[in-house]
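Please look through the sequence and the structure shown here before reading on.

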Amino acid sequence: ALADSLGNNVVLSTLVMQESWLGYRDMRCTSEMCSDVLRRAVPSTSHGVIRLVHVVISFSSLCSCQVEDSGVSKLAKALETNTSLTTLNLDHNNVGDAGATALGHALVKNSSLAVLLLANNQLQAQGATALAQALKTNATLTKLGIQGNRIEHAGAEALAEALAVNHKLATLYIHDGRVADAGAIALAKALESNDALTTLTLQKNTIGNAGASALAEALKQNTTLTTLFLGHNRIEGEGAETFVTVLLKRNSSLSALDLRSNHIGESAKHLQQVVSIRKGLSVGLAACHGVPVPGSPML
């Protein structure tokens with residue numbers, strides 16, 4: 001009924017369906033309804049046009065209210081022809097690699113979606129790779145959030161390949177993704193030539209000195225990244241000192257660096273000194289083991 005009522009709507013800009021207690025049957029119907037709405041939301045000379053700008057399907061509880069791969073596949077199919085949707089939030093929906101792959105195929109054809117959020121689902125390297133493949137040709141997506149998924153280093157490496165050729169994506173959330181040093185090193189290599197990304201979140205990824213140093217070294221060449229989150233990793237003084245040197249002498253574009261809850265010791269003091277010299281730079285140093293840092297800015 002809702003899809004029918006929207007069929008000739010010409011003014012709707014936001015459709016929010018944040019449900020917490022939908023049963024499986026209701027969720028299946030909701031996914032099919034959204035897909036139907038998206039298919040109808042295309043320009044037509046014979047009837048009205050739905051200007052559907054935002055669709056949010058976000059669930060606070062995963063108990064008996066999951067979109068899952070089957071529902072996402074239906075939405076993805078509709079996205080292939082939809083020309084008005086700009087934001088799609090599918091956080092917390094038990095979406096796996098099959099759903100991510102379907103969305104990747106849709107992004108190759110879609111020319112309107114700017115924000116895709118898939119946090120805390122069941123994506124692994126295969127799903128991340130499918131999305132990365134789409135980013136190589138997609139020219140509209142500016143924000144991708146896949147944090148809280150086990151994409152591991154293989155998924156991060158695939159995303160790095162995409163970043164090397166993508167000139168549109170500005171924000172990438174991949175914290176809590178088990179990317180480790182190998183994934184961070186691959187992303188650092190891509191940052192050397194990337195000219196679009198401004199925000200990269202890599203907290204809780206078991207990144208150590210090797211990954212941190214590679215990212216810091218990449219900042220010598222990168223001039224677009226402004227925000228880099230590396231909190232809650234395994235970075236020690238050696239990795240942090242690379243940032244001290246680079247931020248003091250070789251990079252002036254980064255404005256926010258998060259290194260909270262890393263064992264960086266005396267390097268926390270050195271970074272504070274950099275902050276005092278470089279105006280406009282904020283470095284999160286709370287709970288950095290080895291030295292108290294009272295008043296350290298929180299990101």
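Does Leu 191 count as buried or exposed? At 1% relative accessibility, Leu 191 counts as buried, where buried means under 20% relative accessible area, exposed over 50% and partly exposed in between, with a 1.4 Å probe and protein chains only.

## Basis of the model

The model is predicted, so local features need pLDDT of at least 70 and side-chain atom pairs count only at pLDDT 80 or more, while totals for chains, interfaces and linings use all residues. Residues are numbered from 1 along each chain as its sequence is written, and side-chain values use heavy atoms, with hydrogens and water left out.

## Overall composition

The protein has 10 helices and 10 strands. These elements are DSSP runs numbered from the N terminus, with helices (H or I) of at least four residues and strands (E) of at least two. Of its 299 residues, 54% count as buried.

The accessible surface of the protein is about 12,500 Å², and carbon and sulfur atoms contribute 51% of that area; such areas come from the Shrake-Rupley method with a 1.4 Å probe, and for residues only the protein chains shown count as cover. Among contacts with a separation of 6 or more, 84% join residues 24 or more positions apart, a contact being heavy atoms within 4.5 Å.

The buried residues of helix 6 are Gly 155, Ala 156, Ala 158, Leu 159, Ala 160, Ala 162 and Leu 163. They pack against helix 5 (125–135), strand 5 (143–145), strand 6 (171–173) and helix 7.

Leu 159, a residue of helix 6 (residues 152–163), counts as buried at 0% relative accessibility. Not counting residues up to four places away in sequence, Leu 159 touches Ala 128, Ala 132, Leu 135, Leu 144, Ile 146, Ile 151 and Ile 174. The C-alpha atoms of Leu 159 and Ala 190 are 9.0 Å apart in space, although the two residues are 31 residues apart in sequence.

## Helix packing

Helix 6 and helix 7 pack at an angle of about 0°, with axes 8 Å apart. Axes are lines fitted to C-alpha atoms, for helices over the stretch in contact, and angles run from 0 to 180 degrees between N-to-C directions. Helix 6 and helix 7 are therefore roughly parallel to each other, a term for angles under 35 degrees. His 153, Ala 156, Glu 157, Ala 160 and Leu 163 of helix 6 make the contact with Ala 182, Gly 183, Ala 186, Leu 187 and Ala 190 of helix 7. The residues of this contact divide into 7 nonpolar, 2 polar and 1 charged. Here Ala, Val, Leu, Ile, Met, Phe, Trp, Tyr, Cys and Pro count as nonpolar, Asp, Glu, Lys and Arg as charged, and the others, Gly among them, as polar.

The axes of helix 7 (residues 180–191) and helix 8 (residues 209–218) come within 8 Å and cross at roughly 5°. That makes helix 7 roughly parallel to helix 8. Asp 181, Ala 184, Ile 185, Ala 188 and Leu 191 in helix 7 meet Ala 210, Gly 211, Ala 214, Leu 215 and Ala 218 in helix 8. The residues of the contact of helix 7 with helix 8 comprise 8 nonpolar, 1 polar and 1 charged.

## Helix 8 and Leu 191

Helix 8 is largely enclosed by the rest of the structure, because 8 of its 10 residues are buried. The cover over these buried residues includes helix 7, strand 8 (227–229) and helix 9 (237–249).

Leu 191 lies in helix 7. Apart from neighbours within four places in sequence, Leu 191 is in contact with Leu 197, Leu 200, Leu 215, Ala 218, Asn 222 and Leu 225. Leu 191 and Thr 224 are 33 residues apart in sequence, with their C-alpha atoms 9.1 Å apart in space.

## Residues with positive phi

Most residues other than glycine have a negative phi. Asn 120 has a positive phi of about 55° although it is not a glycine. Asn 120 lies in the loop between strand 4 (115–117) and helix 5, and is partly exposed, with a relative accessible area of 32%.

Glu 152, in helix 6, has a positive phi near 55°. Glu 152 is partly exposed, at a relative accessible area of 37%.

Terms used
Angles under 35 degrees count as roughly parallel, over 145 as roughly antiparallel, 65 to 115 as roughly perpendicular and the rest as oblique.
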